[in-house]
Amino acid sequence: MSNKRKPDSQVPAEESDQLVIMPLGAGQEVGRSCIMIEFKGKKIMLDCGIHPGLSGMDALPFVDLIEADEIDLLLISHFHLDHCGALPWFLLKTSFKGRCFMTHATKAIYRWLLSDYIKVSNIATEQMLYTEADLEASMDKIETINFHEEKDVFGIKFWAYNAGHVLGAAMFMIEIAGVKILYTGDFSRQEDRHLMAAEIPTIHPDVLITESTYGTHIHEKREDRENRFTNLVHDIVNRGGRCLIPVFALGRAQELLLILDEYWSQHPELHDIPIYYASSLAKKCMAVYQTYINAMNDKIKRQIAINNPFVFKHISNLKVSNKHFR
Amino acid sequence: MTSIIKLQALSGAMDESPPCYILQVDDVRILLDCGWDEKFNMEFIKELRRHVHSIDAVLLSYPDVVHLGALPYAVGKLGLNCPIYATIPVYKMGQMFMYDLYQSQYNMKEFCIFSLDDVDATFEKIVQLKYNQTIPLKGKGYGLTITPLPAGHMIGGTIWKIMKVGEEDVIYANDFNHKKERHLNGCELEKLQRPSLLITDAFNATYQQARRRARDEKLMTNILQTLRNNGNVLIAVDTAGRVLELAHMLDQLWRNKESGLLAYSLALLNNVSYNVVEFAKSQIEWMSDKLMRSFEGARNNPFQFKHLQLCHSLSELNKVSSPKVVLASSPDMESGFSRELFLQWCSNPNNSVIITTRTSPGTLARDLVDNGGGHTIDLTIERRVKLEGTELEEYEKRQRERHDDDDLKQDGDSDSDDDIEMSVISKGRHDIVIKQEGKISGGFFKVTKKQHPMYPFHEEKIKCDEYGEIIKPEDYKLVEVCAEIEDNKENVVIKKEEEEITEIPEFPTKCIILNRTVQVNCQVQYIDFEGRSDGESLMKILSQLKPRRVIVVRGNEESTAVIAKHCLENIQARVFTPNKGEMVDATSETHIYQVRLTDALVSQLNFQKAKDAEVAWINAQILFRESQADAKRMNADNEPMEVDEEDQKVLTLEPYNDVAPHDPVFINELKLSEFKQVLAKSNISSEFSGGVLWCSGGTIAIRKVESGRIMLEGCISEDYYRVKSLLYEQYAIL
């Protein structure tokens, strides 16, 4: 398949056996994930993120290396900025006319996460990649795909597996002319309170594209880590202290809320100590977490028959004007 | 298509009975739906019983009783044991339908056709799928794949596509709706171009629907007029299917400030209303694009109702202020709260009853649709009532006596305190530990006076002796109870009050049956909220779909004939219209037969490996043979099954050795580029030039000629023979 052919080869793209994979971002770096796949004349872009450390046009992946109007399909793995941050710009400000897919939960959170990003970006308006209106308009161009649902777009067959990591995170299996490529995006094999572990596909891919952010890192055991966390929090509030946990508003924060809510219900002595989350973004997206239960693990799916675990008993939202916080 | 395809209609053919079909693709038998009617028709079960052990998979289309009602019986009482496939909403809502049905029946009589355990056992067998998720069947079904496609009508509603790998497709589509609704997208059946076989229903073939707008206005007017006259509106709906559309629509109406409805109340009444709404909230991704967009945009969950109050009992409903609109199950008004409310409300001309779907003939709702209101009807009323007065005293006395007995018995071994831990470990459903719940299992969703902070869980100490747990024999006396019920039914004719006391710790109750004649004074109206494609669109879809073969099921003879005629004349399809119980053969090739290979033949075969398969050359002749006695299939009761005459004579292939040896056959489609890699592995260099593969520095040439033959040329050398043998290895040679 990877027969090296001369660039001026006579073979038309549709018949060529050459598979070209080109990272436009996230190659030898962390951030702005964006990978191009070209095979049998089909062009697919995987993710379209921004570099969190850079701003304006500098944060974009190197999309000037490709022709946007030739891309047939764009797949977004999950809602983190380094995977979908450049999407409104790409959908509206380039000549892209292919189709774009993501999971339902990703789409719902994408809308609010990027809206928040626009607000907090502290740069001049002319440098902004897109506006709130662009973001709104991009929603109509994004189609949704359920996990395991097979889609066929211009002869490219693809479907999504659960990736763990954050709500709605997907790994995409793409099949063109019988050749299968698996793109994992960010994934986690550790089942946690609300998400399942990344699935291992039963089908063997021919090519695997995966992340390596924690390639050399060994995670502490989940139980130990959680114990350390809850004990620390317990100690702090016990000695009359206040505990501030700076986290990113979406994704792992919801897991921490579940851990704390559960810990609080197991410890009645803590009940008069309030827990707040001070994020309007997290508040906005709580409805999404309360809704897309089917993207979570079996434990949550079972619990929904009794109560919704994302309707917290001991945690409330802290409004900005709230005077509780003194 | 080279598969033998047959369909047998167990129910739902040439009439409007619930759908249940066996689709046979070669050796694999797939049960398509397994519905039951409102009266639990046992005739159909007899038929199902004969086939239940030969079924390899069940496919469900919708969560309602009409499409899966008989499954708990089939699994619990007939021993159906195979994977069941359904979408996630069909799984969740199906459970709600069955819980509600069970509870409604239980509130009326001693119900033992199936138990809640049967329901749970059934749903444990369900493999939950998403739309467009293609799943290969396992085991015997190897090579078959099934795909659920959106069908509209109810949440999770499915059109099934059944494919034999590499061949054409069978589509099973019934009760679908092509129209977009408030909470669901329409189906896109017509996009599945030219399926080789379509199995569809004729239910609506001659039926014409009012326009959606006119229909909505009619409902609105009816509701407003009744409420303004100080009357109540009863809308008979199902448990967790079509009710979502109505509930969503009405709640939106109430939100409209100009509607003038705010002064009145709106309630949803069934045994599982809380759960139904919770599940609906978590299934937004299965709903219409419009709802999904509004959720993404405004994060308003469309099933977070503002005005609709959820009730689980009549006492809860009484707390809702009148005049009110009540959505109550079941749609047929044969059981459930809709029947209760009808009895309460029908005599008052200010009230209004709205029926939203045509249920089976013979049900109360259908009777009202066909004959309208304004007349008297005789009804049998079955009800579970609490014991009162002397009956209660008597019952309590008996309870006390038994209790004393128990205490006496238990005194001897009350020292087994250390067994408490066991109750934590053994949470099995049939374990005696949870016998409290087991007994009031019927009251699972019933509102008990006792308020529990969570699900009631009584931790009970297990008594043990040397032989293990001490059981109460009466816990296992289910069979006798059943028999008594049957007595009950017979007694109805005598119009005498019969009672059956059940021993439930908290509420001693009995079941009574009485006949009553009621005068229907209230308004009765049928407003179609069935959500099914009507006759005209059905024809249009069929014309666009252009199936090559059609099997028409479920619909009276007239409707069936209309569809059959349409398919014959306009799309030149082969049409089958099976009767109930009849098996039709929809195999596309006309000369396909199933043959049995004799052992003698198989042992002679010399298999050669070719890619994923093994192939062999066969010399044989076809003979008729009487099937051996031992091969006769036995059914569950070890009685020989009634086998058709044809089945007894089996076509067999017998060895036939009187043939001249044949020319060898080479099997493979060799690609020179692949062969190049093979050569490279054996350290033979090669390169392409002008379509010819030159090996060993150009001394050997391999080319492909037009006829597909491979030519090997070159000087005789060691390499030549190596290349030649490698080339031969690429083929299976017979």
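Which residue forms a salt bridge with Lys580(B)? The partner is Asp15(B), and the closest N and O atoms of the pair are 2.9 Å apart. A salt bridge here is a side-chain nitrogen of Lys or Arg within 4 Å of a carboxyl oxygen of Asp or Glu. Lys580(B) lies in the loop between strand 24 (574-576) and strand 25 (583-585) of chain B, and Asp15(B) in the loop between strand 1 (5-11) and strand 2 (20-25), so the pair ties together parts that are 565 residues apart in sequence. Lys580(B) is partly exposed, at 41% relative accessible area. Asp15(B) is also partly exposed, at 24%. Buried means under 20% relative accessible area, exposed over 50%, and partly exposed in between (1.4 Å probe, protein chains only).

The model is predicted: local features need pLDDT of at least 70, side-chain atom pairs count only at pLDDT 80 or more, and totals for chains, interfaces and linings use all residues. Residues are numbered from 1 along each chain as its sequence is written, chains are lettered from A and ligands numbered from 1 in the order in which they are written, and side-chain values use heavy atoms, with hydrogens and water left out.

Chain B has 22 helices and 36 strands. Helices (H or I, at least four residues) and strands (E, at least two) are DSSP runs, numbered from the N terminus. Of the 734 residues of chain B, 51% count as buried. Contact means heavy atoms within 4.5 Å. Among contacts in chain B between residues at least 6 apart in sequence, 73% join residues at least 24 apart. The chain exposes about 36,100 Å², and carbon and sulfur atoms supply 49% of that area. Accessible areas come from the Shrake-Rupley method with a 1.4 Å probe; for residues, only the protein chains shown count as cover.

At the interface, 26 residues of chain B are in contact with 27 residues of chain A. The two chains bury about 2,300 Å² between them, 49% of it on carbon and sulfur atoms. Glu285(B), Glu296(B) and Arg299(B) supply 30% of the area that chain B buries against chain A, more than any other three residues. Buried area is the accessible area (1.4 Å probe) that two parts lose on being put together, summed over both.

The rule finds 1 salt bridge across this interface. Glu296(B) and Lys107(A) meet in it through their side chains, at 3.4 Å from N to O. The pair crosses from helix 3 (residues 104-120) of chain A to helix 9 of chain B. Lys107(A) is buried, at 6% relative accessibility. Glu296(B) is buried as well, at 3%. On the side of chain B that touches chain A, helix 4 (88-106), helix 8 (273-281) and helix 9 (289-298) are the elements that give two or more residues.

Over all chains, the whole structure holds 41 salt bridges. Lys191(B) and Glu188(B) form one of them, with N and O atoms 3.4 Å apart at the closest. Lys191(B) is exposed, at 59%, and Glu188(B) is partly exposed, at 46%. Asp175(B), Arg358(B), Glu530(B), Arg532(B) and Arg554(B) are linked in a network of salt bridges.

Several loops of chain B show local backbone features. The peptide bond from Ser322(B) to Pro323(B) is cis, with omega near -10°. Pro323(B) lies between helix 10 (314-318) and strand 15 (324-328). A cis peptide bond also joins Ser329(B) and Ser330(B), with omega about 0°. Ser330(B) is in the loop between strand 15 and helix 11 (337-345). Met333(B) is found in the loop between strand 15 and helix 11. Met333(B) is not a glycine, yet its phi is positive, about 60°. Met333(B) is buried, at 0% relative accessible area.

Ser259(B) sits in the loop between helix 7 (242-255) and strand 13 (265-269) of chain B. Ser259(B) is buried, at 8%. Its side chain reaches the backbone oxygen of Leu253(B) at 3.1 Å.

Conventions
Polar contact = N/O pair within 3.5 Å; in protein donor to acceptor, adjacent residues only side chain to side chain.
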